[in-house]
Amino acid sequence: MGKFNRDVSTNLLHVVCDCCLMVVAFLMATLIAGLSLYEALELYGPLCVVFMVIFIMVNKNARTYNVTTFFYVDRTIFTITKSFIVSLLPVAVMAIDYLLNHSYELRFLCTYVIAAYVLIIVGAFFIRFLATHWKFNAPRVLLVGDIDRFGTFKKYLYKSNTSVRLVGYVSMEDTTDERYLGSVKDLEKIVHENAIGQVYIMNRKSDMVDIQQYIDICLDMGVSVRIIVKLFQAHGAHRYVSSVGTYPVVTYHRVCLDDSSKALKRIIDIIGSLIGIIVFSPFMLIAAIAIKLDSKGPVIFKQKRAGINGSIFEMYKFRSMCVDAEELKAKLQEQNEVKDGLMFKIKDDPRITKVGKFIRKTSIDELPQFFNVLFGSMSLVGTRPPTLDEVEKYERTHWRRMSIKPGITGMWQVSGRSQITDFEKIVELDTEYIDNWSIWLDFKIMLKTVTSLLQRKGAY
């Protein structure tokens, strides 16, 4: 991307507004805490600057400042809240320090956090109001193409924070339709007569050869031209436009985790896995001793599994089967309860040891997977990690369930688990999780997992 295009879609007014509002929140907290400005700057200035920088970066990564991002009340509040929570980490560290040492003014921290959050939310709506009602200096715009195809585009345009003044339509063909200002062959004249600043062209496949000349006309006159790409459709997929060097790139994707979401999910995984290892360490120790006394073989069973995008990793479990379980699996394939053999599940598996039956029923056998999560090969919540022989039988659409990290638990586990024997249903549950991912969904699944374990549902 050239230096003139850097941050071209960023609403700098919104960025400046957020910075100013955080300064206001700082002053409010200083006043309420009864501190002098010098004391507040000395004690909390660096903290608030760090918070501001992190928030702006996370918010920018979430496209909150992008002028083309749709403005929906619930979506806007959710995105800002998520960015705010991620940015609160340094404040949370100071709050913990206060509880331990009382070295900071807790009243200041609480006031600053509450004031900053409320003001930032209000600021987002203020920026939206300006984009909708303040048309000063907004470019005069022409829409070139079939007028009937612009209905949805106009709705999207007005839903974004892009400020424009629509002048009229220009047809790609000769026309007498009074709804148009004229045809594209008279584009130069129409632009001059109407003081146009931007031209949007809705292309068709058949138009691509001819569009270049109209781009040249606009650029020769110093008028910005935007091509609305309608060449390729990817139904159900998300898409965004970026660039590699001077090459514009349209990206289609189905995985909804952006960089900030991945970072937040990873932080939760690290914290959750450490808590899991500490809390369940007595159970793991007892299980290890019981397995060793019950049968020959190692305590930990390591198995190669397919991780994100098919990458191979070693998954840890407490050994619940006899040592030659993998060799016996081939002989038991006829008893497999999962259709098409894309997973292996049988209810009374003869390979399972006495202790194995108990630790599988209580899911204690999966506790070592907390180490997989800590090391980064798995997540607390995700899709079931398939074995390598299962992956060999996958069809193209089945690979989508491996587009994120596998998890200790997931949608399949809390929706019936072993009672579901249709592999397509399992794929459907996994892709439903991928399409609708959110931090709140992860917490909901973890809560359901705990409930299912306490009730001992769905495991064998």
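## Orientation of helices 1 and 5

How are helix 1 and helix 5 oriented to each other, roughly parallel or roughly antiparallel? In this predicted model, the axes of helix 1 (residues 12-32) and helix 5 (residues 106-133) cross at roughly 150° and come within 8 Å. Angles over 145 degrees count as roughly antiparallel, and helix 1 and helix 5 are therefore roughly antiparallel to each other.

The crossing of this pair, helix 1 and helix 5, is right-handed. Sorted by class, the residues in the contact of helix 1 with helix 5 are 19 nonpolar, 4 polar and 2 charged.

## Overall composition and confidence

The chain contains 15 helices and 11 strands. It has 460 residues, of which 45% count as buried. When contacts between residues at least 6 apart in sequence are considered, 71% of them join residues at least 24 apart.

The mean pLDDT of the chain is 80, and 78% of the residues reach 70 or more. Among the elements of the chain, helix 12 (residues 369-375) has the highest mean pLDDT, at 95, while helix 4 (residues 89-101) has the lowest, at 66. Over residues 1-7 the pLDDT is below 50, and this stretch has 6 contacts in the model beyond near neighbours in sequence. Where pLDDT is low, the predicted coordinates should not be read in detail.

## Helix 1 against helix 2

Helix 1 also packs with helix 2: their axes cross at roughly 150° and come within 10 Å. Helix 1 and helix 2 are therefore roughly antiparallel to each other, and their crossing is right-handed.

On the side of helix 1, the residues that meet helix 2 are Val 15, Asp 18, Cys 19, Met 22, Val 23, Phe 26, Leu 27 and Thr 30. Their counterparts in helix 2 include Leu 37, Leu 41, Tyr 44, Gly 45, Phe 51, Phe 55 and Asn 59. The residues of this contact between helix 1 and helix 2 divide into 15 nonpolar, 3 polar and 1 charged.

Ala 33 is placed in the loop between helix 1 and helix 2 (37-61). Ala 33 counts as buried because its relative accessibility is 6%, under the 20% limit for that class.

Not counting residues up to four places away in sequence, Ala 33 touches Glu 105, Arg 107 and Phe 108. Ala 33 and Leu 109 are 76 residues apart in sequence, yet their C-alpha atoms are 9.1 Å apart in space.

## Helix 3 against helix 5

Helix 5 has a further partner in helix 3 (residues 73-87): the two pack at an angle of about 145°, with their axes 11 Å apart. The crossing of helix 3 and helix 5 is right-handed.

In helix 3, the residues that meet helix 5 are Val 73, Thr 76, Ile 77, Ile 80, Thr 81 and Phe 84. They face residues of helix 5 that include Val 113, Tyr 117, Ile 120, Ile 121 and Phe 125. By class, the contact of helix 3 with helix 5 has 11 nonpolar and 2 polar residues, and no charged ones.

Leu 264 lies in helix 9 and is buried, with a relative accessible area of 11%. Leaving out residues up to four places away in sequence, Leu 264 touches Lys 82, Val 86 and Ile 439. Between Leu 264 and Lys 82 there are 182 residues of separation in sequence and 9.0 Å in space, C-alpha to C-alpha.

Ser 273 is likewise found in helix 9 (residues 259-294). Its relative accessible area is 0%, so Ser 273 is buried. Apart from neighbours within four places in sequence, Ser 273 is in contact with Phe 370, Val 373, Leu 374 and Leu 380.

## Positive phi values in two loops

Ala 195, a residue other than glycine, has a positive phi, near 50°. Ala 195 lies in the loop between helix 7 (187-193) and strand 4 (198-202). With a relative accessible area of 52%, Ala 195 is exposed.

Ser 363 also has a positive phi without being glycine, with a value near 65°. Ser 363 lies in the loop between helix 11 (354-361) and helix 12. Is Ser 363 buried or exposed? Ser 363 is buried, with a relative accessible area of 8%.

Terms used: Residues numbered from 1 in each chain as written. Predicted model: local features only at pLDDT ≥ 70, side-chain atom pairs only at ≥ 80, totals over all residues. Heavy atoms only, no water. Helix = DSSP H or I, 4+ residues; strand = E, 2+ residues; numbered from the N terminus. Buried < 20%, exposed > 50% of the residue type's maximum accessible area, 1.4 Å probe, protein only. Contact = heavy atoms within 4.5 Å. Axes fitted to C-alpha atoms, helices over the stretch in contact; angles between N-to-C directions. Parallel < 35°, antiparallel > 145°, perpendicular 65-115°, else oblique. Left-handed = near helix turned anticlockwise from the far one by under 90°. Nonpolar A, V, L, I, M, F, W, Y, C, P; charged D, E, K, R; others polar. pLDDT = per-residue confidence, 0-100.
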